[in-house]
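Please keep the structure open while reading.

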Amino acid sequence: MATNKHASIRYRILDSCLSNPQRRYSFEDLKVCLDRELIEINPDHKGISTRTLRDDLKHMRSPEGGNAPIETYKQNGHSYYRYSDKDFKLYNQGLNTAEMQQLKSAMDVLSKMEGLPQMGWVQEMGAKLEELFFLERSEQLIMSHDHNRYLKGIEHLGRLFHAILSKKCLKISYKSFKATKESYYNISPYHLREYNNRWFLFGRNKEYASLTNLPLDRIISIEDCDQQYIENDSWDFKEFFEDIIGVTISSSHTETVQIWFNENAAPYVISKPLHGSQKTISYDETGLIIELEIIPNFELETLILSFGERAKVLSPENFKEVIMKRVKGMRELYS
């Protein structure tokens, strides 16, 4: 390889372009890419000449330059450059350019987790990836998710995250919607979960055998606690939420719930199942009947009611009565 510093930088940029299967690069495209990256490094850069680029490609093809398998190919009447060996990397970084771009995109998503101060390294790492691998910058938003940065309680996420990581007991001041004054809990925190744009903390209070669930938007303050941390040897959070929708556990036993949907709601329920256990019992001109193996809870009730007149619980009878009671209460509001 050449020892000239500027030439070495150009070779790395070209290597990144030629090994990227997601882009086509003409000769002019390679010049544009080189100039864009070199201006970032040196604002006084005046531009790459055609001769310099041709010499660079020739050098990279040579034994001294690494025997890069650079080929030209035609598509739609235009000539493009690439490596004939898709696995070849002149500067072998373990991942190809497309994989590095995907990694950076994933890190960009992580960096949007407001309230987690320990995620600051994500932005720094993203900048380093761009610098080291000459990843293309894009102002266009490719992916987004529903997220409310103004949620109350989200400022506690960082503190709770670190407490779970370091297994540290916390004293939490908490006030429920129904309470007239705040309560205090000494919690060994285990797990943070987001549902419907709301965050919840799951942990153990030594005064109770069951798991404690606290919505973050009802937490008033968090302090260190001198009590010994209680290790989690009872709950596997990979499986904990499999039998429910949302975060509320009202029972330890699942039930077989059958629900009918009319012909208008049926396609949505089929394309977006209500729960992982969903099975189709029948689907014809009279509508869709599905079956769920699930623990009925408030979130399931709310989900069913969101379909309005397009859904009806068929069984079990006790859960059907719960829905009927809520529908009756809604009807009375409009009487």
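In this predicted model, the secondary structure of the protein chain comprises 10 helices and 11 strands. Of its 335 residues, 39% count as buried, and the protein chain exposes about 20900 Å², of which carbon and sulfur atoms supply 50%.

**Contacts across the chain**
- Among the contacts of the protein chain with a separation of 6 or more, 60% are accounted for by residues 24 or more positions apart.

**Nonpolar cores**
- The largest nonpolar core has 24 residues, and those that touch the most other members are L18, L30, L53, L57, M60, I70 and Y83.
- At least two residues of this core are supplied by each of α1 (5–18), α2 (27–41), α3 (50–61) and β2 (78–83), with α1 giving the largest share, seven residues.
- Once neighbours within four places in sequence are left aside, L57 is in contact with L14, L18, F27, L30, I70 and Y81.
- Another core, of 20 residues, lies apart from the largest one, and its members include F261, L300, F307 and I323.
- As general background, nonpolar side chains tend to be buried together in soluble globular proteins.

**The hairpin of β1 and β2**
- Strand β1, which spans residues 70–75, pairs with β2 in the antiparallel sense over six bridges, and Y73 stands opposite Y80 in β2.
- Two residues lie between the strands of this hairpin, where N76 takes a positive phi near 55°.

Note on methods
Residues are numbered from 1 along each chain as its sequence is written. This is a predicted model: local features need pLDDT of at least 70, side-chain atom pairs count only at pLDDT 80 or more; totals for chains, interfaces and linings use all residues. Side-chain values use heavy atoms; hydrogens and water are left out. Helices (H or I, at least four residues) and strands (E, at least two) are DSSP runs, numbered from the N terminus. Buried means under 20% relative accessible area, exposed over 50%, partly exposed in between (1.4 Å probe, protein chains only). Contact means heavy atoms within 4.5 Å. Accessible areas come from the Shrake-Rupley method with a 1.4 Å probe; for residues, only the protein chains shown count as cover. A nonpolar core is a set of buried Ala, Val, Leu, Ile, Met, Phe, Trp, Tyr and Cys residues joined through side-chain atoms within 4.5 Å. Two strands pair if DSSP finds at least two bridges between them.
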